[in-house]
Amino acid sequence: TVAAPPTTGGIRAGGNITINGSADFDGNTTNRTDDTQIYAGKGISLNGNVTLPVKRDAAGNPLKVNGKIVLTDNEITLGTGATTTTNPNQYNNFTTATQTINIPAYADRKLQEFTPLASAVVKTFNVQTTPINTSADWNTKFPAAGTVTNPTVVRIINGDLNLPANINLSNYILIVENGNINFYQGNPVLNNVKLIANAGNINLNSTTGTNLSLSASGNINITGNTSLGGTSIINSNGNITTNGGLSMVNTTATVKMVAQGDLTVNGNTSLKGQLFTKKNMTINGQTTIIGSLDALLNVSIGGNTTILAK
(Lines give C-alpha, C1' and ligand atoms only; values in the text may rest on other atoms or scores of the structure.)
Protein backbone atom coordinates (compact mmCIF):
# COMPACT_ATOMS: atom_id res chain seq x y z
CA THR A 1 0.00 0.00 0.00
CA VAL A 2 1.39 3.38 -0.98
CA ALA A 3 0.29 6.93 -0.34
CA ALA A 4 -1.76 8.91 -2.85
CA PRO A 5 -0.03 10.54 -5.84
CA PRO A 6 1.42 14.03 -5.46
CA THR A 7 -0.82 17.06 -5.82
CA THR A 8 1.97 19.61 -6.38
CA GLY A 9 5.41 19.44 -7.89
CA GLY A 10 6.80 18.01 -11.07
CA ILE A 11 8.54 18.86 -14.32
CA ARG A 12 6.62 20.37 -17.22
CA ALA A 13 8.08 21.39 -20.57
CA GLY A 14 6.30 22.55 -23.70
CA GLY A 15 9.25 21.21 -25.71
CA ASN A 16 11.66 18.35 -25.01
CA ILE A 17 12.94 16.99 -21.70
CA THR A 18 16.46 15.56 -21.73
CA ILE A 19 17.80 13.86 -18.61
CA ASN A 20 21.47 12.88 -18.44
CA GLY A 21 23.62 11.49 -15.67
CA SER A 22 22.13 10.27 -12.40
CA ALA A 23 18.60 11.46 -11.69
CA ASP A 24 16.10 10.41 -9.01
CA PHE A 25 12.43 11.33 -9.38
CA ASP A 26 11.10 8.59 -7.08
CA GLY A 27 12.27 9.56 -3.58
CA ASN A 28 10.79 7.15 -1.05
CA THR A 29 9.53 4.18 -3.09
CA THR A 30 6.64 3.55 -0.66
CA ASN A 31 5.46 7.18 -0.64
CA ARG A 32 3.71 8.43 -3.76
CA THR A 33 3.38 11.95 -2.36
CA ASP A 34 7.00 12.78 -3.17
CA ASP A 35 6.95 11.40 -6.73
CA THR A 36 7.85 13.81 -9.52
CA GLN A 37 5.32 13.73 -12.34
CA ILE A 38 6.70 14.68 -15.75
CA TYR A 39 5.10 16.29 -18.79
CA ALA A 40 7.02 16.62 -22.06
CA GLY A 41 5.08 18.30 -24.82
CA LYS A 42 7.36 17.21 -27.69
CA GLY A 43 9.32 14.27 -26.29
CA ILE A 44 11.57 12.86 -23.60
CA SER A 45 15.04 11.34 -23.61
CA LEU A 46 16.26 9.44 -20.54
CA ASN A 47 19.99 8.77 -20.54
CA GLY A 48 22.22 7.40 -17.83
CA ASN A 49 21.00 6.21 -14.44
CA VAL A 50 17.43 7.49 -14.05
CA THR A 51 15.10 6.40 -11.24
CA LEU A 52 11.40 6.82 -11.97
CA PRO A 53 8.34 5.94 -9.88
CA VAL A 54 7.25 2.50 -11.12
CA LYS A 55 4.70 -0.09 -10.14
CA ARG A 56 6.02 -2.97 -8.06
CA ASP A 57 5.17 -6.62 -7.58
CA ALA A 58 4.52 -8.39 -4.27
CA ALA A 59 8.26 -8.75 -3.67
CA GLY A 60 8.83 -5.03 -4.15
CA ASN A 61 10.56 -5.39 -7.51
CA PRO A 62 9.64 -3.23 -10.53
CA LEU A 63 6.62 -4.71 -12.29
CA LYS A 64 7.21 -5.67 -15.91
CA VAL A 65 4.77 -6.37 -18.74
CA ASN A 66 6.13 -7.78 -21.99
CA GLY A 67 9.63 -7.05 -20.75
CA LYS A 68 8.99 -3.36 -20.08
CA ILE A 69 8.86 -1.70 -16.66
CA VAL A 70 5.42 -0.29 -15.81
CA LEU A 71 5.44 3.35 -14.75
CA THR A 72 3.05 4.57 -12.08
CA ASP A 73 -0.12 6.07 -13.52
CA ASN A 74 0.41 9.54 -15.01
CA GLU A 75 4.11 9.46 -14.14
CA ILE A 76 5.19 10.56 -17.63
CA THR A 77 2.73 12.39 -19.86
CA LEU A 78 3.64 13.13 -23.48
CA GLY A 79 2.01 15.62 -25.82
CA THR A 80 0.24 14.34 -28.90
CA GLY A 81 2.84 13.28 -31.47
CA ALA A 82 5.71 13.45 -28.93
CA THR A 83 8.61 11.02 -29.24
CA THR A 84 10.59 8.93 -26.77
CA THR A 85 14.19 7.89 -27.28
CA THR A 86 16.81 5.61 -25.70
CA ASN A 87 15.84 4.50 -22.19
CA PRO A 88 12.13 5.41 -22.44
CA ASN A 89 11.77 2.36 -24.69
CA GLN A 90 12.23 0.11 -21.63
CA TYR A 91 9.11 1.56 -19.96
CA ASN A 92 5.40 1.43 -20.69
CA ASN A 93 2.25 3.07 -19.30
CA PHE A 94 2.92 6.51 -20.78
CA THR A 95 0.01 8.95 -20.81
CA THR A 96 -0.83 11.06 -23.87
CA ALA A 97 -2.43 14.45 -23.22
CA THR A 98 -1.95 18.16 -23.71
CA GLN A 99 -1.18 20.27 -20.67
CA THR A 100 -1.15 24.04 -20.36
CA ILE A 101 2.03 25.58 -18.93
CA ASN A 102 1.50 28.98 -17.33
CA ILE A 103 4.51 31.23 -16.76
CA PRO A 104 3.89 34.29 -14.54
CA ALA A 105 4.46 37.55 -16.40
CA TYR A 106 7.36 39.77 -15.33
CA ALA A 107 5.20 42.88 -15.05
CA ASP A 108 2.55 41.06 -13.00
CA ARG A 109 5.08 39.71 -10.52
CA LYS A 110 6.71 43.12 -10.24
CA LEU A 111 3.40 44.82 -9.59
CA GLN A 112 2.31 42.25 -7.00
CA GLU A 113 5.57 41.78 -5.11
CA PHE A 114 7.66 44.91 -5.62
CA THR A 115 5.35 47.91 -5.41
CA PRO A 116 6.05 49.99 -2.25
CA LEU A 117 3.13 50.91 -0.05
CA ALA A 118 1.38 54.11 -1.06
CA SER A 119 2.22 55.54 2.38
CA ALA A 120 5.95 54.86 2.01
CA VAL A 121 8.36 57.79 1.97
CA VAL A 122 10.68 57.49 -1.04
CA LYS A 123 14.16 58.99 -0.69
CA THR A 124 16.42 59.76 -3.65
CA PHE A 125 20.13 58.89 -3.69
CA ASN A 126 22.51 60.11 -6.42
CA VAL A 127 25.37 57.64 -6.93
CA GLN A 128 27.34 60.13 -9.03
CA THR A 129 27.51 62.84 -6.42
CA THR A 130 27.72 60.47 -3.44
CA PRO A 131 29.74 57.38 -4.40
CA ILE A 132 29.91 54.43 -2.01
CA ASN A 133 33.26 52.63 -1.93
CA THR A 134 33.36 51.11 1.56
CA SER A 135 30.97 49.88 4.22
CA ALA A 136 31.81 53.02 6.19
CA ASP A 137 30.58 55.11 3.24
CA TRP A 138 27.33 53.18 3.35
CA ASN A 139 26.84 53.74 7.06
CA THR A 140 27.50 57.47 6.87
CA LYS A 141 26.09 58.49 3.48
CA PHE A 142 23.15 56.23 2.67
CA PRO A 143 19.64 56.77 4.11
CA ALA A 144 19.06 54.86 7.34
CA ALA A 145 17.27 51.51 7.35
CA GLY A 146 13.59 51.22 8.14
CA THR A 147 11.67 48.52 9.99
CA VAL A 148 10.22 45.17 8.98
CA THR A 149 6.77 46.67 8.49
CA ASN A 150 7.98 50.01 7.16
CA PRO A 151 11.20 49.54 5.16
CA THR A 152 13.12 52.52 3.83
CA VAL A 153 12.47 53.06 0.12
CA VAL A 154 15.41 54.54 -1.77
CA ARG A 155 15.35 55.58 -5.41
CA ILE A 156 18.89 55.42 -6.86
CA ILE A 157 19.63 57.64 -9.86
CA ASN A 158 22.46 58.33 -12.33
CA GLY A 159 24.05 54.91 -12.68
CA ASP A 160 24.86 51.55 -11.13
CA LEU A 161 24.55 50.77 -7.43
CA ASN A 162 27.88 49.10 -6.58
CA LEU A 163 27.90 47.85 -3.02
CA PRO A 164 31.07 47.07 -1.04
CA ALA A 165 32.00 43.69 0.49
CA ASN A 166 30.63 42.40 3.80
CA ILE A 167 27.72 44.81 3.92
CA ASN A 168 24.68 44.09 6.09
CA LEU A 169 21.34 45.44 4.89
CA SER A 170 17.94 45.05 6.51
CA ASN A 171 14.53 46.57 5.82
CA TYR A 172 15.16 48.37 2.51
CA ILE A 173 13.50 48.66 -0.87
CA LEU A 174 16.23 49.81 -3.27
CA ILE A 175 15.10 50.93 -6.72
CA VAL A 176 17.80 51.62 -9.31
CA GLU A 177 16.17 53.60 -12.09
CA ASN A 178 18.79 53.18 -14.82
CA GLY A 179 21.70 50.86 -14.07
CA ASN A 180 22.78 47.60 -12.49
CA ILE A 181 22.83 46.43 -8.88
CA ASN A 182 26.21 44.85 -8.18
CA PHE A 183 27.46 42.91 -5.15
CA TYR A 184 30.58 41.69 -6.93
CA GLN A 185 32.77 41.92 -3.81
CA GLY A 186 30.64 39.38 -2.00
CA ASN A 187 29.38 38.33 1.42
CA PRO A 188 26.40 40.66 1.81
CA VAL A 189 23.68 39.88 4.34
CA LEU A 190 20.27 41.00 3.03
CA ASN A 191 17.25 40.61 5.33
CA ASN A 192 13.80 41.85 4.35
CA VAL A 193 15.29 43.58 1.31
CA LYS A 194 13.84 44.16 -2.14
CA LEU A 195 16.29 45.00 -4.94
CA ILE A 196 14.74 46.42 -8.11
CA ALA A 197 16.65 47.23 -11.30
CA ASN A 198 14.17 49.02 -13.53
CA ALA A 199 16.61 49.17 -16.46
CA GLY A 200 19.50 46.85 -15.70
CA ASN A 201 20.82 43.62 -14.21
CA ILE A 202 21.29 42.31 -10.67
CA ASN A 203 24.56 40.57 -9.78
CA LEU A 204 24.95 38.89 -6.38
CA ASN A 205 27.99 37.10 -4.96
CA SER A 206 28.07 34.81 -1.88
CA THR A 207 24.89 36.18 -0.37
CA THR A 208 22.96 35.35 2.79
CA GLY A 209 19.37 36.57 2.77
CA THR A 210 16.01 36.16 4.47
CA ASN A 211 12.83 37.30 2.71
CA LEU A 212 14.98 38.59 -0.15
CA SER A 213 13.28 39.70 -3.36
CA LEU A 214 15.00 40.53 -6.65
CA SER A 215 13.45 42.08 -9.75
CA ALA A 216 15.41 43.07 -12.86
CA SER A 217 14.41 44.22 -16.32
CA GLY A 218 17.58 42.48 -17.53
CA ASN A 219 19.38 39.41 -16.18
CA ILE A 220 19.89 38.14 -12.63
CA ASN A 221 23.21 36.42 -11.90
CA ILE A 222 23.89 34.71 -8.56
CA THR A 223 27.39 33.37 -7.90
CA GLY A 224 29.25 31.92 -4.92
CA ASN A 225 27.68 30.24 -1.91
CA THR A 226 24.21 31.71 -1.49
CA SER A 227 21.83 30.86 1.36
CA LEU A 228 18.19 31.95 1.41
CA GLY A 229 15.67 31.91 4.25
CA GLY A 230 12.02 32.81 4.61
CA THR A 231 10.25 33.47 1.31
CA SER A 232 12.39 34.72 -1.57
CA ILE A 233 11.26 35.97 -5.00
CA ILE A 234 13.61 36.17 -8.01
CA ASN A 235 11.90 37.87 -10.96
CA SER A 236 13.74 38.58 -14.23
CA ASN A 237 12.60 39.94 -17.57
CA GLY A 238 15.76 38.30 -18.99
CA ASN A 239 17.78 35.28 -17.88
CA ILE A 240 18.37 33.88 -14.38
CA THR A 241 21.70 32.10 -13.82
CA THR A 242 23.05 30.63 -10.58
CA ASN A 243 26.62 29.37 -10.22
CA GLY A 244 28.10 27.94 -7.04
CA GLY A 245 26.17 26.78 -4.00
CA LEU A 246 22.52 27.82 -3.65
CA SER A 247 20.68 26.48 -0.61
CA MET A 248 17.80 27.04 1.79
CA VAL A 249 18.64 27.80 5.43
CA ASN A 250 15.95 25.40 6.73
CA THR A 251 13.06 23.20 5.59
CA THR A 252 10.50 26.02 5.74
CA ALA A 253 12.42 28.38 3.43
CA THR A 254 11.12 28.66 -0.14
CA VAL A 255 12.08 30.45 -3.33
CA LYS A 256 10.19 31.30 -6.51
CA MET A 257 12.24 32.03 -9.64
CA VAL A 258 10.54 33.45 -12.73
CA ALA A 259 12.60 34.12 -15.87
CA GLN A 260 11.21 35.47 -19.10
CA GLY A 261 14.45 34.28 -20.74
CA ASP A 262 16.44 31.14 -19.91
CA LEU A 263 16.86 29.76 -16.39
CA THR A 264 20.12 27.95 -15.56
CA VAL A 265 21.06 26.37 -12.22
CA ASN A 266 24.67 25.21 -11.89
CA GLY A 267 26.74 23.91 -8.99
CA ASN A 268 25.85 22.43 -5.62
CA THR A 269 22.19 23.34 -5.23
CA SER A 270 19.53 22.47 -2.67
CA LEU A 271 16.30 24.42 -2.82
CA LYS A 272 12.58 24.23 -2.23
CA GLY A 273 10.10 26.11 -4.37
CA GLN A 274 9.05 26.81 -7.94
CA LEU A 275 11.14 27.52 -11.04
CA PHE A 276 9.52 29.06 -14.12
CA THR A 277 10.98 30.07 -17.47
CA LYS A 278 9.43 31.32 -20.67
CA LYS A 279 12.31 29.75 -22.62
CA ASN A 280 14.72 26.92 -21.67
CA MET A 281 15.68 25.49 -18.29
CA THR A 282 19.02 23.81 -17.55
CA ILE A 283 19.88 22.07 -14.27
CA ASN A 284 23.46 20.86 -13.72
CA GLY A 285 25.63 19.68 -10.83
CA GLN A 286 24.79 18.13 -7.47
CA THR A 287 21.19 19.29 -7.23
CA THR A 288 18.19 18.61 -5.01
CA ILE A 289 14.97 20.45 -5.76
CA ILE A 290 11.74 19.98 -3.82
CA GLY A 291 9.00 21.57 -5.86
CA SER A 292 8.24 22.18 -9.51
CA LEU A 293 9.98 23.11 -12.77
CA ASP A 294 7.99 24.72 -15.61
CA ALA A 295 9.43 25.71 -19.00
CA LEU A 296 7.61 26.78 -22.14
CA LEU A 297 10.45 25.34 -24.24
CA ASN A 298 12.98 22.64 -23.25
CA VAL A 299 14.28 21.22 -19.96
CA SER A 300 17.75 19.69 -19.69
CA ILE A 301 18.86 18.00 -16.47
CA GLY A 302 22.41 16.73 -15.93
CA GLY A 303 24.73 15.67 -13.14
CA ASN A 304 23.48 14.05 -9.96
CA THR A 305 19.96 15.38 -9.57
CA THR A 306 17.05 14.63 -7.25
CA ILE A 307 13.69 16.30 -7.86
CA LEU A 308 10.75 15.63 -5.57
CA ALA A 309 7.23 16.96 -5.23
CA LYS A 310 6.47 19.25 -2.33
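**Figure 1. Contacts of L296.** Leaving aside neighbours within four places in sequence, L296 is in contact with G14, G15, I101, I103, T277, K278 and K279. Contact means heavy atoms within 4.5 Å. The model is predicted: local features need pLDDT of at least 70, side-chain atom pairs count only at pLDDT 80 or more, and totals for chains, interfaces and linings use all residues. Residues are numbered from 1 along each chain as its sequence is written, and side-chain values use heavy atoms, with hydrogens and water left out. L296 lies in the loop between β30 (286-295) and β31 (299-301). Strands (E, at least two residues) and helices (H or I, at least four) are DSSP runs, numbered from the N terminus. Is L296 buried, partly exposed or exposed? L296 is partly exposed, because its relative accessible area is 32%. The cut-offs are under 20% for buried and over 50% for exposed, with partly exposed in between (1.4 Å probe, protein chains only). The C-alpha atoms of L296 and G9 are separated by 16 Å. Along the chain, L296 and G9 are 287 residues apart.

Figure 2. T277 has its place in strand β28. With a relative accessible area of 0%, T277 is buried. Not counting residues up to four places away in sequence, T277 touches I103, A259, G261, D262, L263, D294, A295 and L296. One of these residues, G261, has its backbone oxygen 2.4 Å from a polar atom of the T277 side chain. Which residue lies 173 places from T277 along the chain, with its C-alpha atom 8.8 Å away? That residue is P104.

**Figure 3. Side-chain polar contacts of N266.** N266 sits in the loop between β27 (263-265) and β28 (269-277). Its side chain makes a polar contact of 2.9 Å with the side chain of N243. Another polar contact, of 3.3 Å, joins the side chains of N266 and N284. A polar contact is a pair of N or O atoms within 3.5 Å; within protein, one must be able to donate a hydrogen and the other to accept it, and residues adjacent in sequence count only if both atoms are side-chain atoms. Not counting residues up to four places away in sequence, N266 touches T242, N243, G244 and N284.

**Figure 4. T226 in strand β22.** T226 lies in strand β22, which covers residues 226-229. T226 is buried, because its relative accessible area is 3%. Which residues does T226 contact, leaving aside neighbours within four places in sequence? They are S206, T207, G245, L246 and S247.

Figure 5. Phi of N66 is near 55°, a positive value in a residue other than glycine. N66 is found in the loop between β7 (64-65) and β8 (68-70). At a relative accessible area of 79%, N66 is exposed. N211 has a positive phi of about 55°, although it is not a glycine. N211 lies in strand β20 (residues 208-216). Its relative accessibility is 35%, so N211 counts as partly exposed.

**Figure 6. The loop at A82.** A82 has its place in the loop between β9 (76-78) and β10 (83-86). A82 is partly exposed, with a relative accessible area of 22%. Leaving aside neighbours within four places in sequence, A82 is in contact with A40, G41, K42 and G43. A82 and I44 are 7.9 Å apart in space, C-alpha to C-alpha. In sequence, A82 and I44 are 38 residues apart.

**Figure 7. The chain around these views.** The protein chain has 2 helices and 32 strands. Its C-alpha trace spans about 75 × 35 × 30 Å along the principal axes. Of the 310 residues, 47% count as buried. Among contacts between residues at least 6 apart in sequence, 39% join residues at least 24 apart. The mean positions of the 18 positive and 14 negative charges are 4 Å apart. Lys and Arg count as positive and Asp and Glu as negative; His and the chain ends are not counted. Each charge is placed at NZ of Lys, CZ of Arg, CG of Asp or CD of Glu.
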